[in-house]
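Work through these exercises with the model in view. Try each task before reading its solution.

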Amino acid sequence: MSQAANTFWINRFISSARIELVERRRLRSRRLIDGLIVMVILAASAICVSIYWRAESELAEAVAKREAAAIKLEELKVRVERREREVQQLKNDRAAIEQFARQRFGFVRPGDVVIRLPQNEEQTAAVRMANLTPQRTRSYTKASN
């Protein structure tokens with residue numbers, strides 16, 4: 001009986017040690033699986049945050065471009081309105097036609113004195129050279145109706 005009792009306790013001890021070993025392995029594998037799940041969740045969260053920040057920056061850039069385009073559109077509308085007024089004046093107003101011809105094409109009336117001023121350094125140098133060599137300048141006039 002003593003041997004039977006010994007084997008009972010030995011088997012019980014060995015089986016409880018095996019059970020503990022199995023439980024430890026299960027616990028270790030559960031912790032590993034839980035760790036992997038947490039890592040996947042963290043990685044997915046990081047990706048989502050990264051995508052959100054990128055989308056937010058792209059949205060801000062698009063809004064800035066839209067605002068710049070809206071400002072440019074307003075400027076262009078003002079220019080178009082100004083040009084339309086100029087066209088209407090040139091179609092109807094003789095004084096506007098004369099002023100346009102004088103400014104754009106350099107037309108002068110007979111008897112007007114023409115004084116030409118150099119616009120930049122190249123023209124200034126050309127005028128200096130022209131003053132060194134005597135030349136006679138002609139002024140072209142176009143009579144207005």
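The exercises below go from the whole chain to single side chains.

This is a predicted model: local features need pLDDT of at least 70, side-chain atom pairs count only at pLDDT 80 or more, and totals for chains, interfaces and linings use all residues. Residues are numbered from 1 along each chain as its sequence is written, and side-chain values use heavy atoms, with hydrogens and water left out.

**Exercise 1. Describe the secondary structure of the protein chain.**

Step 1. Apply the rule: helices (H or I, at least four residues) and strands (E, at least two) are DSSP runs, numbered from the N terminus.
Step 2. Count the elements. The protein chain has three helices and zero strands.
Step 3. Read the order from the N terminus: α-α-α.

**Exercise 2. State how much of the protein chain is buried, and how much area it exposes.**

Step 1. Buried means under 20% relative accessible area, exposed over 50%, partly exposed in between (1.4 Å probe, protein chains only).
Step 2. Of 145 residues, 2% are buried.
Step 3. The exposed surface comes to about 14300 Å², with 58% of it from carbon and sulfur atoms. Such areas come from the Shrake-Rupley method with a 1.4 Å probe; for residues, only the protein chains shown count as cover.

**Exercise 3. Find the aromatic pairs and classify each.**

Step 1. Use the cut-offs: rings of Phe, Tyr and Trp (its six-membered ring) pair if their centres lie within 6.5 Å; planes under 30 degrees apart are stacked, over 60 edge-to-face, the rest tilted.
Step 2. The whole structure holds two aromatic pairs.
Step 3. Phe100 and Phe105 have ring centres 6.1 Å apart and planes at 85°, so this pair is edge-to-face.
Step 4. Phe105 and Phe107 have centres 5.9 Å apart and planes at 35°, so this pair is tilted.
Step 5. Join them. Ring pairs link Phe100, Phe105 and Phe107 into a cluster.
Step 6. Phe105 is exposed at 54% relative accessibility. Phe100 is partly exposed at 32%, and Phe107 is partly exposed at 31%.
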